[in-house]
Amino acid sequence: MGLSDETKKYLNVAADETLDAFDGVAKAASKKVEDNRGVSCGVVSPNTWNSTSANENLSRICSSLHSDYLKLKSEPAIARIVALDENGKHRTYYICRATPVTGLDVILASYNSPAGRMASLDVGEEYELPNGTLLEIVEKTRLRPRKRNGFWDSEDTVLETDEFGPLTIKSLRALASKAKELGVDVAEEGFDADLLGRLLAEERDESNVLEGLRRSVIEKMGLRDQPILDKYQDEIFRLPLNKNLLLLGPPGTGKTTTLIRRLGQKSDVEFLEEDEKRLVRGSGHPSRDPHEQSWIMFTPTDLLKIYLKEAFAREGVPASDRHIRTWAEFRREIGRNVFHILRTTNGGAFVLKENDEVLRKETIEDLIGWCDDFESWQKANFREELLSAAENLSKESEQSISSIGARLLEIINKVEKHDISDMFVAFVQVLDEIKSIESELKDETNKKLDETINLQLNRDHGLLDRLAEKLEEIQQAEGLSEESEEDDVEDEEFVTSGSKRANAVNAFKQALRAQARAFATKRSISLKTRNSQLLDWIGERSLSESDQATVGSKLVILNHVRKFKNPLNRYLRGVQSRYKIFRRLRRKEDVWYNPVEFHPNDLHPLELDVVIFSILTGASSMLKKALILREIDEPQWSSLSRVYALCKNQIYVDEATDFSPVQLSCMSKLTHPTLQSFFACGDFNQRLTTWGSRSIDNFKWIRSDIEVKEVNIAYRQSRQLNELAALIITTVNGDNNYVLPKLPEHVDAEGVRPVLLENATTYRKVSSWLAGRVGEVERLVQKLPSIAVFVESEEKVASLAEELNIVLEESNIQAVACPNGQVMGNDNDVRVFDIQHIKGLEFEAVFFVGVDLLAELHPDLFDKYLYVGTTRAATYLGITCERELPESIRSLRSQFVDRWEL
């Protein structure tokens, strides 16, 4: 393009100033790192006046500063903003990704600070600084600093002023060196070098400074680095911390980048508003992580986890495996180790089994209805259980017991059936009386049991040792449960101590209690329990009938009383038992579950979600009560501690539509009760699971207060592929309301049409065709960019990679299989994936093999897989079919060509 002399001079000066700023910032940061000044924690000596917490906080601050200085050494700034203040004075700001160093001649601001928003505004827009100063943006430069051979440069810099631009400058140093290295004054009028020098300089300017914006080539697999968001994304990531947000948008619109940027800013207390800081201070607790570490991001695949970590590293946010989780691994962990739903060597009832025949198809399509059904049923079941116990206590002849029973009845009847949280708070008021009655009844029954056992031991000193042997024999027997009768489970008296004799005494007592209760209630003891086996062995050495009647009646009362000793704990721990009953009932009614045989202890992953949901729903409703949160360390709320320990100050979800509404609701309930900070992003058209969330209504069920934001500027794809993706949605999915994503202004988005191969019946034919197209891509791009090949199933990954590797060998290109979504090979390899693993990633070129086979394998999700696969490609897309294009997209054949013209 032809640049005026005035514009050339302006660019030369701007380049000089920018590179000088880079050098100054980098040197200052380097000095901070070298002498450790300002980051050492040695100035604070531990003593009685310095708390451990204070020193830990100081250590974290120092570590964070050190990390920021290292970042500034390699990336001094990401934007240069020139603004005009109210007095007509120009101010130049350099925006940094990290916390800036101080004491320099240039004005620095972190992108996370309020002033950082200027980097996202358009030229001509106004911005008010926190001190009230009003500025008008008159120039904006997006910088990409690089240091080579000891000299700073900025590559593919984008500069725009209120008079010209935007311009893309390939090398800022090429402009600056013209002024500095030739030793001339660029402003000197009449300067004219020799003809050769002038012609070469003009040619260099023509190739170095381009009009408009250029789409960068994707050279490596991963998430695109977008240091500066557009003004819409920027506004979203700066919303208050205590917001519940859903960000929707097509592929390539920067949803994940916005999410990452928000987490980076909201995790740094320095950049929070005063109201946000107050909330963070109120969320503190000795057992909890500090705010900057108190977050979790959920993502659907392990592959995406890897690249999310890299993206967080670029933002200076430490992200470990405990911060970025897949729901599959997280639910197994808490189901097994926190809530003890899943079986371990120490207990637990269920075994997680992926049995797709258990749940009806209608159930998977209506997970919310199924979950609501269980939740309302189990609450009512628990309430009725308490109501029955209270009624029985109110009818007792002893005044102290009937009186407490009447008070309990009053509490239960006052509470709405659908909201029982207030009931647990009210029960605390009578807790002392409950404990007193329980202690008295327990002492009375234990005294009679001890007398009976002591009598038998005096008659037979070896009784305990023989009973211990019998107990071991019973426990090792196949097919025996420890206890199956509800009364025996509630007894909670049998404790394994490690001592054989002590265990024998406890087992003896438990068996006698079971016998006495059965006598009093006129119920038999199940033959499948340990108690039944022990009683057969004990024989006549048990309680007399009169003692059985006396002890049994007291134990029945004790059983009713104990339901109110720690009712919240009973409620939360009993969810899994109630689910077993619910499932059995609904199977008989032929609702939700298929009439297939499965072990009663088997649990489908989606069933585990429902059980966890109910536990978290009950616990989170209690934790939202200020009174309980203040008294969280008190014994009466101890059952909430395991849920409170899971809660984080911030919860994030990437590719949210791949998760079910129940799963998302569980994640949402992990937000700290006073902060309630939840941020999810996704695209309904990219849902790759049959159970995934399908509508905004699903999210409103998750959180009624969720705020929906949308972005619709697509930065990834060329115009041709952007239009093809839209056609897939409208043609296959029949969505006539789909809005074509906008392409960024001033960007050269022209690409090439996608290519198609049909009747590719062998891998040899497919591989030869792929090799030809890969060669075309390399010649068009002038280098080998990031290339991926997708197949319809995991079993095809290795075989296609092997065949493709043979034909690419002559070009010294390697094809690498990536089984189960694992990252294999190098950036300049052609990687082969199963389509199900590639959500969230992008490549310069994508080849989709066996699209017709995919349509047959996944008819319900074919449109989603096709759309996701297509939108992974930035510029080059190729599709092959074993026979021909599936009927649903046959009308799109005219969009394809056979090969790319060089």
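F679 is buried, at a relative accessible area of 1%, where buried means under 20% relative accessible area, exposed over 50% and partly exposed in between (1.4 Å probe, protein chains only). This is a predicted model, in which local features need pLDDT of at least 70 and side-chain atom pairs count only at pLDDT 80 or more, while totals for chains, interfaces and linings use all residues. Residues are numbered from 1 along each chain as its sequence is written, and side-chain values use heavy atoms, with hydrogens and water left out.

Aromatic contacts come next. Rings of Phe, Tyr and Trp (its six-membered ring) are paired if their centres lie within 6.5 Å; planes under 30 degrees apart count as stacked, over 60 as edge-to-face and the rest as tilted. By this rule there are 25 aromatic pairs. One of these joins F613 and W701, a stacked pair at 5.6 Å centre to centre with 15 degrees between the planes. The pair links distant parts of the chain, 88 residues apart: F613 belongs to helix α22 (residues 605-623) and W701 to helix α26 (residues 696-702). Helices here (H or I, at least four residues) and strands (E, at least two) are DSSP runs, numbered from the N terminus. F613 is buried, with 5% relative accessible area, whereas W701 counts as partly exposed at 23% relative accessibility.

F679 has its own ring partner, Y652: the ring centres are 6.0 Å apart and the planes sit at 25 degrees, so this pair is stacked as well. Y652 lies in strand β16 (residues 650-653) and F679 in strand β17, so the pair ties together parts that are 27 residues apart in sequence. Y652 is buried, with a relative accessible area of 1%. Elsewhere, F374, W377, Y579 and F582 make up one aromatic cluster.

Turning to charges, a salt bridge is a side-chain nitrogen of Lys or Arg within 4 Å of a carboxyl oxygen of Asp or Glu. Side chains of opposite charge can pair when their charged atoms come close. A search of the whole structure turns up 60 salt bridges. In one of them, D373 meets R586, with the closest N and O atoms 2.8 Å apart. This pair, too, links distant parts of the chain: D373 sits in helix α11 (residues 367-394) and R586 in helix α21 (residues 575-588), 213 residues apart. D373 is buried, at 18% relative accessible area, and R586 counts as buried at 13%.

Another salt bridge runs between K565 and E438, whose closest N and O atoms are 3.2 Å apart. K565 lies in the loop between α19 (545-562) and α20 (567-573) and E438 in helix α14 (residues 431-459), so the contact ties together parts that are 127 residues apart in sequence. K565 is partly exposed, with a relative accessible area of 38%, while E438 is buried, at 7%. D705 and R703 also form a salt bridge, with 3.5 Å between the closest N and O atoms. Of these two, D705 is partly exposed at 46% relative accessible area and R703 is buried at 9%. Salt bridges that share partners also join K71, E75, R97, R261 and E315 into one network.

D5, E6, E86, E126, E128, E136, D162 and E163 form a negative surface patch. The elements giving two or more residues to this negative patch are α1 (5-35) and β4 (126-128). Patches are made of residues with over 30% relative accessible area and no salt bridge, like charges being joined within 9 Å and nonpolar side chains (Val, Leu, Ile, Met, Phe, Trp, Tyr) within 5 Å. D162 is placed in the loop between β7 and β8.

P166 lies in the loop between β7 (151-161) and β8 (167-171), and the peptide bond from G165 to P166 is cis, with omega near 5 degrees. Within strand β7 itself comes D156, which has a positive phi of about 50 degrees although it is not a glycine. D156 is partly exposed, with a relative accessible area of 41%.

Q676 likewise has a positive phi of about 50 degrees without being a glycine. Q676 is found in the loop between α25 (661-668) and β17 (678-682), and is buried at 14% relative accessible area.

How values were computed. Areas by Shrake-Rupley, 256 points an atom, 1.4 Å probe, with all protein chains shown as cover. Lys, Arg positive; Asp, Glu negative; His and termini not counted. Charge placed at Lys NZ, Arg CZ, Asp CG, Glu CD.
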